[in-house]
Amino acid sequence: MFALPDKTKQFLTAAVKLFIIGLAFYFIWSRLSGGQWQFFTETLRQHFSWPIVFMLVVLAFLNRFLEILKWQNLVSCFTSITVGESTKQVLGALTASVFTPNGIGEYGAKALYFEPKRARKIVFLNLLCNGAQMLITVVLGVAGLLYFNFRFGILGTRVIFTILVGVGVIAVLAYAFRSFTVKGYSFEKALQKMHDIPKKIHRKNLLLALCRYACFSHQYFLILLMFDTGLSYPIAMATICSVYFLSSSLPTFQFLDFAVKGGVAVYFFGLLGVNDFIPLFATTLIWLLNVVLPVSVGSYYVITFKPVWKQ
């Protein structure tokens, strides 16, 4: 088989690294260029609160740190990695996936840190990592949406019943066709792989996912406090959970995540009489703290990344 010279491999690796970082920051810059950045900084200056901003930064750190612990926990099912190694893999993969739909590039990026024979396992573990987060988002989102609807009656009983029946039908169909195989993969095999992983790892994965959800959802609540919207904690959190649930069900890119969440948030908070620019500002600030800052750090790990063939 034809093999590329080492010099060529090094050049291609460096070019790919620069391309990934350049593309990531291009998308970030395209979001902040124009009048958006001026609007953001002016709004922040008018409503600045040191205690709240400090807590927002702390929660942003915890949010990403909990994700790092989640990944370290899942990988422990077949090998041990340090928090530092997990940090490198999580932030490096985040940077590489920021311009891919629904962060799908993260799956392949994390696999590059392991031997090729582990690729399928790493993809599956990353699916469990994101799946736990999605499960928490769906459960709390549905609860929040039902509470919101109970208070304000946006959706009729028939609509809610139709949604619940639809979810039930999907669950029944998934179980009925659990043995259906596509290119060697099936729902039944996935369940078997899940059973092969110790229960304590699954429990820790869900607990960390719940703690992470608490971090970024309360970031949103703190911003509402900073703007003195006057919303009670139950109503505010029910709305926030509804926004995250509905926006997470829409296909999007990491760099456009703020726009999707912002659009959904404007609708829901608008029903509560909240000025449109507040949820737009909130989603932008949370995006900066939870995506842009980690990507900035992750760029270092992309630059210093060594392919498996060089290790």
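User: Where does V57 sit, and what makes that stretch a helix?

Analyst: V57 belongs to helix α3, which covers residues 50–75. A helix here is a DSSP run of H or I with at least four residues, while a strand is a run of E with at least two, and numbering starts at the N terminus. One caveat: this is a predicted model, so local features need pLDDT of at least 70, side-chain atom pairs count only at pLDDT 80 or more, and totals for chains, interfaces and linings use all residues. Residues are numbered from 1 along each chain as its sequence is written, and side-chain values use heavy atoms, with hydrogens and water left out.

User: Why is V57 called partly exposed?

Analyst: Its relative accessible area is 44%. Buried means under 20%, exposed means over 50%, and partly exposed is in between (1.4 Å probe, protein chains only), so V57 is partly exposed. As for distance, V57 and I286 are 229 residues apart in sequence but 9.6 Å apart in space, C-alpha to C-alpha.

User: And R212: buried or exposed, and how do you know?

Analyst: R212, in helix α9, has a relative accessible area of 12%, so R212 is buried. Setting aside neighbours within four places in sequence, R212 touches N63, R64, L66, E67 and Q133, where contact means heavy atoms within 4.5 Å. Across the protein chain, 43% of the 311 residues count as buried.

User: What makes D228 an exposed residue, and what is its phi?

Analyst: The relative accessible area of D228 is 65%, so D228 is exposed. D228 is in the loop between α9 and α10 (233–248). Its phi is near 55°, a positive value in a residue other than glycine.

User: Why do you call α4 roughly perpendicular to α12?

Analyst: Helix α4 (residues 83–97) packs on helix α12 (residues 277–303) at about 110°, with the axes 7 Å apart. That angle makes α4 roughly perpendicular to α12: the label covers 65 to 115 degrees, with under 35 roughly parallel, over 145 roughly antiparallel and the rest oblique. Axes are lines fitted to C-alpha atoms over the stretch in contact, and angles run from 0 to 180 degrees between N-to-C directions.

User: Which residues of α4 and α12 meet, and of what kinds are they?

Analyst: T87, K88, L91, G92, L94 and T95 in α4 meet partners in α12 including V291, P294, V295 and Y301. The contact splits into eight nonpolar, five polar and one charged. Ala, Val, Leu, Ile, Met, Phe, Trp, Tyr, Cys and Pro count as nonpolar, Asp, Glu, Lys and Arg as charged, and the others, Gly among them, as polar.

User: What lines the second largest pocket?

Analyst: There are 13 lining residues, and L127, L128, G131, A132 and M194 lie nearest the centre. On a 1 Å grid over the protein atoms alone, a pocket is an open set of points where a 1.4 Å probe fits, with protein on both sides within 12 Å along at least five of seven lines; lining residues have an atom within 4 Å of a point. Helix α6 gives the most, with six residues, and the lining divides into ten nonpolar, three polar and no charged.
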